[in-house]
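Please view the sequence and the model together while reading the points below.

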Amino acid sequence: MKVTLFGTGYVGLVTGTCLAEMGNRVLCVDVDAGKVARLKNGEVPIFEPGLSPMVKRNFESGRLDFTTQAEPAVHHGEVIFIAVGTPPDEDGSADLRYVLEVARSIGQHLDRYAVVVNKSTVPVGTADKVRATIAQALAERGAVIPFDVVSNPEFLKEGDAVEDCLRPDRIVIGSSSERATQVLRKLYAPFNRNHDRTVVMDERSAELTKYAANAMLATKISFMNEIANIAERVGADVEQVRRGIGSDPRIGYHFIYPGCGYGGSCFPKDVQALERTARTVDYDARLLGAVEAVNHAQKGKLFELIERHYGGALKGKTVALWGLAFKPNTDDMREASSRRLMEQLWAAGAKVRAFDPEARAETTRIYGERADLTLCEDAYEALDGADVLAIVTEWKAFRAPDFARIRDVLKDPAVFDGRNLYDPAQVEDMGLAYYGIGRGR
Ligand code: UGA
């Protein structure tokens with residue numbers, strides 16, 4: 001099939017590439033000419049396992065192409081995806097400006113029936129707005145061309161995006177048109193080979209499904225962080241509690257890992273946007289507010305522990321930091337817990353020596369060169385001249401470190417484990433002080 005995708009961010013680029021991989025002819029549009037030129041050159045702007053070779057392969061075979069031109073792109077697609085960003089505006093609600101600009105441009109150039117698919121995470125009611133915007137642009141041209149708007153939210157995780165896209169656990173299609181539903185069923189058939197994972201519903205329910213899924217996952221994390229804070233105070237170990245509750249299949253082991261808070265481009269933004277949506281319909285979403293508040297506090301947890309260790313005297317100290325990205329297998333620093341920790345340490349007069357396998361360039365882009373930040377090429381190099389070590393991101397490479405070496409290099413051998421990667425007794429046996437999240441035993 002011929003597919004157009006507006007937006008070559010995370011969702012757009014991964015979806016477009018996976019659709020091309022399945023044999024479709026995909027044209028991706030982006031307003032950023034530099035980005036389009038780099039993509040045509042085989043340079044993928046994000047770090048995502050497996051994505052680069054797949055982009056290259058499909059581009060070279062002619063199934064995947066990139067352009068800045070909206071008009072030929074609208075003419076190309078039988079299915080036109082909108083996968084542009086919905087950044088939060090000042091009050092936390094999703095800003096639909098880019099989505100509606102694309103809708104307008106579709107209405108200006110549409111020349112035959114097409115299915116317009118909202119892939120961006122958008123507030124409930126956006127499909128109606130997109131439909132009205134396209135209809136208005138068509139009316140301004142005096143054109144009468146049929147089209148449908150469908151909501152098809154994306155559930156991919158950064159770091160596993162290609163895998164999630166090729167093997168989705170569900171494909172949500174929010175549609176009130178049988179014709180459009182059939183077109184999408186055909187497009188997604190190759191992703192559904194063994195059993196049908198399609199869930200068809202109305203557009204508003206599909207839009208809400210996306211927010212509900214992310215809010216549910218964020219709630220599980222904040223809940224566990226709350227239990228961790230209680231565990232710390234009552235002398236229990238949250239890691240044992242985690243295993244104790246996860247064994248109940250109704251609770252499950254997924255997404256109950258306590259830590260120094262959730263980050264990324266989705267959870268913080270989506271929980272906030274859903275809370276705002278609730279407010280617009282006169283509902284006070286107290287649980288969502290609490291999920292956010294717990295997470296905000298949790299991002300300050302490592303600083304709190306380090307500050308307490310030094311009785312508040314952090315000036316002149318150097319903290320080695322392992323992990324900068326908001327989670328492993330990505331270079332994404334959006335809402336990363338490392339940012340809060342570094343900013344708090346700097347404000348207290350401490351220095352940071354940091355290592356992350358992928359996010360060093362992104363850190364420099366955000367903070368520039370500064371005297372109180374040294375980005376190291378290797379995890380152990382970050383320990384040189386440092387007082388203590390804090391772990392913020394659970395990269396696999398940090399899971400089984402050489403504790404003897406850490407102990408010998410640190411001036412004040414103490415590990416602040418923001419992801420509960422280590423067994424406290426094992427670390428202490430090696431002669432290091434251990435601080436984790438919710439490990440009050
Ligand atoms: C999240 C969802 O998991 C995806 O299903 C969704 O499609 C995506 O948002 C989106 O809306 O686009 P992502 O933000 O890539 O995906 O990352 P996650 O793996 O969900 O992790 C989010 C944060 O939660 C990370 O900072 C991670 O460290 C933290 N986390 C995760 C915990 O603190 N504890 C856990 O048990 C799990």
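**The ligand shell and its surroundings**

Helix H9 (residues 203-234) contributes the most to the shell around the ligand, with 3 residues. The model is a predicted one, in which local features need pLDDT of at least 70 and side-chain atom pairs count only at pLDDT 80 or more, while totals for chains, interfaces and linings use all residues. Residues are numbered from 1 along each chain as its sequence is written. Helices (H or I, at least four residues) and strands (E, at least two) are DSSP runs, numbered from the N terminus.

**Ligand**

- Of the 20 residues around the ligand, the nearest are Glu-158, Tyr-257, Tyr-262, Gly-264 and Cys-266; a residue is near a molecule if its C-beta atom, placed from the backbone, lies within 6 Å of it.
- By class, the shell holds 11 nonpolar, 5 polar and 4 charged residues. Ala, Val, Leu, Ile, Met, Phe, Trp, Tyr, Cys and Pro count as nonpolar, Asp, Glu, Lys and Arg as charged, and the others, Gly among them, as polar.
- The ligand lies between domain 1 (2-201) and domain 2 (211-297), because both give residues to the shell around it.

**Domains**

- The protein chain is assigned domain 1 (2-201), domain 2 (211-297) and domain 3 (299-435); such bounds come from an automatic or database domain assignment.
- The C-alpha centres of domain 1 and domain 2 are 30 Å apart.
- In domain 1, 10 residues are in contact with 8 residues of domain 2, contact meaning that the C-beta atoms of two residues, placed from the backbone, lie within 7 Å.
- The side of domain 1 that touches domain 2 has 5 nonpolar, 3 polar and 2 charged residues.

**Helix packing**

- H9 packs with helix H10 (residues 238-246) at an angle of about 135°, with their axes 9 Å apart. Axes are lines fitted to C-alpha atoms, for helices over the stretch in contact, and angles run from 0 to 180 degrees between N-to-C directions.
- Met-224, Ile-227, Ala-228 and Ala-231 of H9 meet Val-238, Val-241 and Arg-242 of H10.
- The residues of this contact between H9 and H10 comprise 6 nonpolar, no polar and 1 charged.
- Helix H11 (residues 267-280) and helix H12 (residues 286-298) pack at an angle of about 150°, their axes being 9 Å apart.
- Val-271, Gln-272, Leu-274 and Glu-275 of H11 make the contact with Leu-288, Gly-289, Val-291 and Glu-292 of H12.
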